[in-house]
Amino acid sequence: MPEQSPSYRRGVDDPETTAEHIRAAGSAAFGSEVHGDTVHGLDGADRWATGGYGFETLAIHAGQDPDPATGAVVVPIYQTSTYAQSDVGQHRGYEYSRSGNPTRTALETCLAALEAGRTGLAFASGLAAEDCLLRTVTGPGGHVLVPDDAYGGTYRLFARVLARWGVEHTPVPLGDLDRVRAAMRPQTSLIWCETPTNPLLAVADIAALAAIAHGADARLAVDNTFASPYLQQPLAWGADVVVHSTTKYLGGHSDVVGGALVTSDGGLAQELAYHQNAMGAVPGPFDCWLVLRGAKTLGVRMDRHCANAARVVELLTGHPAVAAVFYPGLPDHPGHAVASRQMSGYGGMVSFRLAGGEAAALDVCRRTRLFTLGESLGGVESLIEHPARMTHASVAGSQLEVAADLVRLSVGIETVDDLLADLDEALAGG
Ligand SMILES: Cc1ncc(COP(=O)(O)O)c(C=O)c1O
């Protein structure tokens with residue numbers, strides 16, 4: 001597999017983004033309202049970023065020192081809404097759990113470390129994280145470039161919610177850099193990138209998009225949900241902020257809904273933290289704990305997701321019932337070269353079109369036994385779905401409409417021969 005970018009630790013030595021800088025910027029811009037006088041997770045993230053640790057070490061240890069009160073090896077679930085103060089305004093860094101909670105701090109510190117970023121912020125869902133980011137960096141009269149293939153809910157947020165507040169968006173194929181340049185407007189403040197995309201696994205060149213965004217005084221956000229930070233670290237390639245639905249690979253067990261933002265930009269971190277608290281879509285402590293527990297095994301899970309997906313792709317590409325397979329690991333995938341450069345593996349998501357059209361696609365979805373028919377992705381168990389009628393129903397009639405003969409697989413980490421037998425049987429017509 002290709003090596004990580006040499007600029008993996010970008011920003012670590014940048015004095016503009018130290019914890020002190022953020023606090024100073026915060027008190028100037030927002031007073032002490034952000035999280036009291038503390039931006040939780042920040043000092044911890046700095047400490048782990050400079051430690052030179054490997055990914056799996058960070059996943060298991062970053063933000064997760066033994067509990068100072070009891071020595072508990074696992075970060076406790078601090079199921080509390082408020083914190084005793086010794087005198088008016090005298091507290092130990094936590095005042096109220098919307099603003100900050102120690103279990104959430106642990107998760108936020110760990111997420112920042114995994115993305116090689118400075119600040120991590122956790123949210124109640126991926127869409128809550130997206131909403132916070134978008135309302136922080138755009139506003140009425142603003143304009144955003146969005147991919148012409150993306151998670152349907154993300155598109156719905158642009159088309160049905162933000163549009164009503166005067167934020168315009170233009171869908172563009174982000175693999176075509178000339179079209180990206182041409183679509184930029186003076187009021188474009190953000191390029192929204194998803195790579196690989198949901199559901200067509202299109203790949204965008206993060207470094208090239210960052211150059212276009214920064215040349216136009218705009219920012220680049222990358223939804224890294226499909227790759228996970230184990231396979232791709234967008235900040236290292238120049239992105240300003242990374243977005244996650246932690247519901248997916250980071251949580252990894254289909255038992256929690258959550259979202260995250262990670263950035264190394266001190267000013268942006270401060271503004272996002274302010275909005276996180278001011279808008280309030282934060283995750284509860286137990287949800288933070290579940291994502292944190294899942295993240296510990298992200299590396300070993302992703303290795304197996306990638307290996308199993310490669311075998312599934314092998315089966316699908318040679319199958320007469322299959323008309324096309326979408327997977328960035330395929331040498332003839334248009335984004336294969338870029339994926340090989342900016343990812344360290346091709347992931348566990350695979351989409352394919354059925355030669356027999358929509359009816360055949362629906363039939364396959366009904367026939368698998370181990371691949372459970374359901375929305376979502378990134379869990380240990382394999383899932384199958386029909387994007388046009390399920391996850392992407394909200395983009396029907398738009399530029400992002402999905403073909404009716406498309407099936408999407410989230411390849412889990414079960415015994416691969418069982419998965420292959422299940423798919424083979426379903427494709428054969430049951
Ligand atoms: C790529 C991607 N981004 C964001 C989201 C939204 O995340 P959530 O469902 O946690 O709100 C999803 C959900 O499927 C997704 O697939």
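**Helix 8**

I started with helix 8 (residues 206–215), where I found Ile-206, Ala-208, Leu-209, Ala-210, Ile-212 and Ala-213 buried. This is a predicted model, so I am reading everything here as computed.

Next I asked which elements cover the buried residues of helix 8. The cover includes helix 7 (177–183) and helix 13 (336–342), along with strand 4 (188–194) and strand 5 (219–223).

Then I checked both ends. At the start of helix 8, Asp-205 has a side-chain oxygen within 3.2 Å of the backbone nitrogen of Ala-207. After the helix comes Asp-217, and I noted a positive phi there, near 60 degrees.

**Ligand site**

I moved on to the ligand and listed its surroundings. There are 14 residues around the ligand, and Gly-126, Asp-223, Ser-245, Thr-247 and Lys-248 come nearest. Sorted by class, I get 7 polar, 4 charged and 3 nonpolar residues in that shell.

Which helix gives the most to the shell? I found helix 5 (residues 126–137), with 3 residues.

- Asp-223 has a side-chain N or O atom 2.6 Å from a nitrogen atom of the ligand.
- Lys-248 places a side-chain N or O atom 2.7 Å from a ligand oxygen.
- Ser-245 has a polar side-chain atom 2.8 Å from an oxygen atom of the ligand.

How much of the ligand does the protein bury? Taken alone, the ligand exposes 390 Å², and 90% of that is buried by the protein.

Looking back at helix 8, I noticed that strand 5 (219–223), part of its cover, has a range that ends at the number of Asp-223, listed among the residues that come nearest to the ligand.

**Whole chain**

I stepped back to the protein chain, which has 15 helices and 12 strands. Of its 430 residues, 58% are buried. I also looked at contacts with a separation of 6 or more: 74% of them join residues 24 or more positions apart.

**Cysteines**

Last, I searched the whole structure for disulfides and got 0. Buried or exposed, what is Cys-110? Its relative accessibility is 0%, so Cys-110 counts as buried. Cys-288 comes out at 1% relative accessibility, and therefore counts as buried. The cut-off I used for buried is under 20% relative accessible area.

Methods
Residues are numbered from 1 along each chain as its sequence is written. This is a predicted model: local features need pLDDT of at least 70, side-chain atom pairs count only at pLDDT 80 or more; totals for chains, interfaces and linings use all residues. Side-chain values use heavy atoms; hydrogens and water are left out. A residue is near a molecule or strand if one of its heavy atoms lies within 4 Å of it. A polar contact is a pair of N or O atoms within 3.5 Å; within protein, one must be able to donate a hydrogen and the other to accept it, and residues adjacent in sequence count only if both atoms are side-chain atoms. Accessible areas come from the Shrake-Rupley method with a 1.4 Å probe; for residues, only the protein chains shown count as cover. Helices (H or I, at least four residues) and strands (E, at least two) are DSSP runs, numbered from the N terminus. Ala, Val, Leu, Ile, Met, Phe, Trp, Tyr, Cys and Pro count as nonpolar, Asp, Glu, Lys and Arg as charged, and the others, Gly among them, as polar. Buried means under 20% relative accessible area, exposed over 50%, partly exposed in between (1.4 Å probe, protein chains only). Contact means heavy atoms within 4.5 Å. A disulfide is a pair of cysteine sulfur atoms within 2.5 Å.
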